[in-house]
Amino acid sequence: MAAHASLCCRFLQGQRKTHKIRNLFVRGVNTDSQPHPLHASKLDELESSTNYMKTASKLERFGTDIKPFSSFLTDTFGRKHSYLRISLTEKCNLRCQYCMPEEGVKLTPKAQVLSTAEVLTIARLFVHEGVDKIRLTGGEPLIHPDVLHIIAELRKLQGLQTIAVTTNGLNLSKALPRLQQAGLTHLNISLDTLVPAKFEFIVRRKGFHKVMESIDKAIELGYDPVKVNCVVMRGFNEDEVLDFVSLTEKKPVEVRFIEYMPFDGNKWNFKKMVSYQEMLDQIRQHWPNIEPLPAGPTDTSKTYQIPGFRGQVGFITSMSEHFCGTCNRLRITADGNLKVCLFGSAEVSLRDVLRSGASEEELLQIIGAAVGKKKKQHAGMFNISKMKNRPMIFIGADQKAQPKSSRVFSLQTNIHRWPRFSRGRLQTVVLPRSLPLPPNAKRLQSIRLCHGDASKDPPQLSHTDAQGRSSMVDVGAKRPSCRTASAQATVKLGHAAFSLLRENQLAKGDALAVSQIAGILASKQTSNLIPLCHALPLDHVSVTFQLDQEQDAVVVRATCRTTGRTGVEMEALTAVTVAALTVYDMCKAVTHDIIITDIKLISKTGGKRDFHRSQNPNQEE
């Protein structure tokens, strides 16, 4: 009763209205609380309408005496916050290597997470104050058991025009018809790569094709555009920008390239961020006629379209060209905290206020105070990277969190580029940590010379002592230096297997992508496979492929780099050998007449004596 009396008092003061239908209606009244004549003539029609979208549309056409936006959702810079993002859960059904460890992250206890009833209470309050768009996020929102019920209840809220979901798309295809029927109006699907093997390697789950099916299902059900969110990170997927743009040629999708943002635990580095301008320049080199599209006053995306393409591309430029001046977003975390800025550490617990029995008026006062303290703009990317903030998976935005431990992070940096078929041709891509190529396996003296100067030392095996027993070389007295090595191998497949590999039609899948991963993993296991090799921290590894059509062969090349006291030729040789063996394994169902040949060291640098193989097989440089 006290809350109701308070609301009635505010109605008499022209500050607030209590009747749900009249809430929409009175947003078009004068400050003396008397209905505009045109509004009064339409009141009966509005109250009997069952279509709130039609009602809201009609209200937009009523007169010009529109009541100012709710003061509780307006900050000191005049920004009106009409867009609310609600994280339904911290849980996710993927285990992305750049997001969380394989065993997951420590989640908020269930009792401290907002209940379905609390989510709907908060949503109703914000919509009553003028929010017209709500996006459900996570974690992965579609694994929330009540997601259908929540969407159906949101649909009933007068004035709410948009109900959106951001999802990884894994469970979307089958659920989408029911979600649409419940009231889901807009979709964002997160997808950071178009290479199936890369997707599976990164997320530790199968499912790439399920995500693509979800995109197609959304198009089939009439979502236009279907937004595809892609966080672009240098050394991870910046080489796929053109492939993502190609998606928009035949499909009504909006690919949204998101600049890599700093969050707690993600080891953000400016060098890994690919700016909007760099991406746009890359696209313009391929499609010079790409043109900008008109933007709305609160749009976060700079949108472009290539003439003749069904879809479009957008850029979320949070880092290089922030859009704080037109920000209209507020966020509710899964544990009930209000965040007025994605990059701010300040949070207010609406959950605790709700559970304390506070009135609606008191809750609004707290929300208004938080919104009123929102800063003019975020602190800038370099300062943000030093600030304490939640991991992204706990906030619920369009970018995934990065790894919390250096061990997990190192896995991410091992992936640079991947071999893939794009626009009708094979593109060979490289991974962030480059693998050096193996040393010359044919001549023991060449391997020995990697450890010493031939002009001073007599020829001898470096891994035996004076009695001829095996012995690991002592490198403790050497100075660390940057050392690289490159190696090469050739796999002769025969015409049938080569043709299937080239067209990516092998029964086992993408042979080159799987072989690339195998080579990289092998390089890091060299000391476990070769007994007297030193365990080296690899700074960079790459495995690439060339298709030799004349010989029906795959030429595998690996390059490794380390900063250490001994070379990495064995790591390069191991990488190229295991990659070649994996190509064999992927193709053996077609034929066993496969020859792995010409495994050799191409070059090594950084030791006492560099080595570069001449094109003349009998001559070294």
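**View 1. Asn504 sits in the loop between α17 (495-502) and α18 (511-523).** Helices here are DSSP runs of H or I with at least four residues, strands are DSSP runs of E with at least two, and both are numbered from the N terminus. The model is predicted, so local features need pLDDT of at least 70 and side-chain atom pairs count only at pLDDT 80 or more, while totals for chains, interfaces and linings use all residues. Residues are numbered from 1 along each chain as its sequence is written, and side-chain values use heavy atoms, with hydrogens and water left out. Phi of Asn504 is near 55°, which is a positive value in a residue other than glycine. Most residues other than glycine have a negative phi, and most peptide bonds are trans. Asn504 counts as partly exposed, at 32% relative accessibility, where buried means under 20% relative accessible area, exposed means over 50%, and partly exposed lies in between (1.4 Å probe, protein chains only).

**View 2. Asp552 lies in the loop between β16 (538-548) and β17 (553-564).** Although Asp552 is not a glycine, its phi is positive, at about 55°. With a relative accessibility of 15%, Asp552 counts as buried.

**View 3. Helix α5 packs against helix α6 (residues 147-155) at an angle of about 25°, with their axes 11 Å apart.** The axes are lines fitted to C-alpha atoms, for helices over the stretch in contact, and the angles run from 0 to 180 degrees between N-to-C directions. The helices α5 and α6 are therefore roughly parallel to each other, since angles under 35 degrees count as roughly parallel, over 145 as roughly antiparallel, 65 to 115 as roughly perpendicular and the rest as oblique. In this contact, meaning heavy atoms within 4.5 Å, Thr116, Val119, Leu120, Ala123 and Arg124 of α5 meet His149, Ile150, Glu153 and Leu154 of α6.

**View 4. The axes of helix α7 (residues 172-182) and helix α9 (residues 208-220) come within 8 Å and cross at roughly 25°.** The helices α7 and α9 are therefore roughly parallel to each other. Leu172, Ser173, Leu176 and Pro177 in α7 meet Glu213, Ser214, Lys217 and Ala218 in α9.

**View 5. The largest nonpolar core has 91 residues, and those with the most contacts inside it are Phe126, Ile134, Leu154, Leu191 and Phe257.** A nonpolar core is a set of buried Ala, Val, Leu, Ile, Met, Phe, Trp, Tyr and Cys residues joined through side-chain atoms within 4.5 Å. Helix α5 (residues 116-128) provides the largest share of this core, 7 residues. Not counting residues up to four places away in sequence, Leu154 touches Leu120, Ala123, Ile134, Leu136, Leu160 and Ile163. Another core, of 34 residues, lies apart from the largest one and includes Ala487, Phe545, Val556 and Val583.
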